[in-house]
Structures are given as C-alpha cells and as structure tokens.
Amino acid sequence: MKYRGIYFSFLIIAAISIPLHVWLLTDGKKHYFEEFLVGAYPYVVAISPLVGLLLGLLDVRLSSIVLRRIDEAVLELDAPQILEAQSPYISKGIVGLGLNALYVLGEESIRGVILFYSKYLFKLSTLSLLLTGTFLFFFVRALPWYLRLVKLIDDFVLTVLFLMGGVLSAWIAHAVMNAYILWPLVKHEQINV
C-alpha cells in the first residue's frame, strides 16, 4: 500500500492530538475528559493487558484456522499484502513494537473520539455505538477480506473496552494483542538477519 506512510503519520498525529482535542472541545470539563481517558469504570485499565493477551491468542488461533481453509493460490496472491502490513514493525525489532504501540494509540484515539461524540452529540444507542466501533476500520485495513473478518472480533472487544474503560484500556489491550501477534515474527526476523 503506497499510502501506508501517510496513514501511519496520520495515526501518530491522532495519538498525540485527539486527547488534547477532546479536552478543548469539552471546555476542559474534567468528567468528560476522564470518561474519554479511563471511562466509567477506571478499574478496567487493570485488566486490559490480560484482555489484550487473550485477544492475541484468539486472533492467532482464528487466523490460523482461516488461513488453513483458504486456497493456496489465493494465499500466494495475498501474501505480499499481509507481509506489507507487518513489515514496518517486524523489520525494526523491539523499536517496531514501540512504533506499533504508538500507531495503535492513534487508532484507538480515532475510534474513541468517534464513539465519544457519537454518544454525546448524536445520542446513539449502545448497540449503534458497538456497531460503529466494530466496523470503523473494516474497510481501511491493509489485510485480505478473510483476515479482516477475524479482526471484527478484536474490534468488537476493543469497542467494549473503550465504552467501559476509555481510550487507555482499549489502547493497552490493543498494544498487548499486537505485541503478542508480532513478537514471534520480530524474533524470527532478528534470527534471520
């Protein structure tokens, strides 16, 4: 994807600017800003690493089941697309995992601000918020459609985490999940260098 660098930069800027944006738009009203950061149930932050690890396990398991059922010719055609989505992180080692965590902060901040404003400005129901958060990144992911379907489960859980525990919970869980998924690839890349 030739626009990957632009998209990555956009998410990094979002990671830095969206919490500030929420604070400014809510006129610094502490309860709105706190709700955005840690949600209605701040203790969810404490369990978010475990949720992220379980999501990583589930993601790897479901992805491997799906990949075993896909025709080898299709997999061969889609392999460059899958590798391109992972290569900015695995080729940089542990620094790549840190970059991915920052990238994920931008993604969760975008999801969070859309859900936050959908809840307060558009008064969407909980079901509508869940659907919005779950399908928000479905069409922009640089993955084949059959792997995007697996990501819907991740996105649903991350949406629930945001609605309960704010952007901090969703970010921690997402970063842990991606670290779990990417770490074997990072180690393999380091061994082969």
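Predicted model: local features only at pLDDT ≥ 70, side-chain atom pairs only at ≥ 80, totals over all residues.
Student: What makes Phe-116 and Tyr-117 an aromatic pair?

Tutor: Rings pair if their centres lie within 6.5 Å. For Phe-116 and Tyr-117 the value is 5.5 Å centre to centre. Planes over 60 degrees apart count as edge-to-face. Here the angle between the planes is 80°, and the pair is edge-to-face.

Student: How do you know what kind of pair Trp-145 and Tyr-146 form?

Tutor: Use the same cut-offs: centres within 6.5 Å, planes over 60 degrees apart for edge-to-face. Trp-145 and Tyr-146 are 5.6 Å apart, centre to centre, with 80° between the planes. That pair is edge-to-face.

Student: How many aromatic pairs does the whole structure hold, and which residues do ring pairs link into a cluster?

Tutor: The search finds 8 aromatic pairs. Ring pairs link Phe-36, Phe-116, Tyr-117, Tyr-120 and Phe-162 into a cluster.

Student: What makes a space a cavity, and how many are there?

Tutor: In a cavity, a 1.4 Å probe fits but cannot get out. The count comes to 1 cavity of 30 Å³ or more. The volume of the largest cavity is about 60 Å³. Its lining includes Phe-116, Tyr-120 and Phe-162. H5 gives the largest share of that lining, 4 residues.

Student: What makes a pocket something else, and what is the volume of the largest pocket?

Tutor: A pocket is an open set of points. The largest pocket holds about 800 Å³ of space. Its lining has 35 residues, with Ala-85, Gln-86, Leu-143, Lys-151 and Ile-181 nearest its centre. H7 supplies the largest share of the lining, 12 residues.

Student: How does the lining of the largest pocket divide by class?

Tutor: The lining of the largest pocket has 22 nonpolar, 6 polar and 7 charged residues.

Definitions and conventions. Residues numbered from 1 in each chain as written. Heavy atoms only, no water. 1 Å grid on protein atoms, 1.4 Å probe; cavity = no way out; pocket = protein on both sides within 12 Å on 5 of 7 lines; lining within 4 Å. Points joined across faces, edges and corners; volume = space filled by probe spheres on them. Helix = DSSP H or I, 4+ residues; strand = E, 2+ residues; numbered from the N terminus. Nonpolar A, V, L, I, M, F, W, Y, C, P; charged D, E, K, R; others polar. Phe/Tyr/Trp six-rings, centres within 6.5 Å; stacked < 30°, edge-to-face > 60°.
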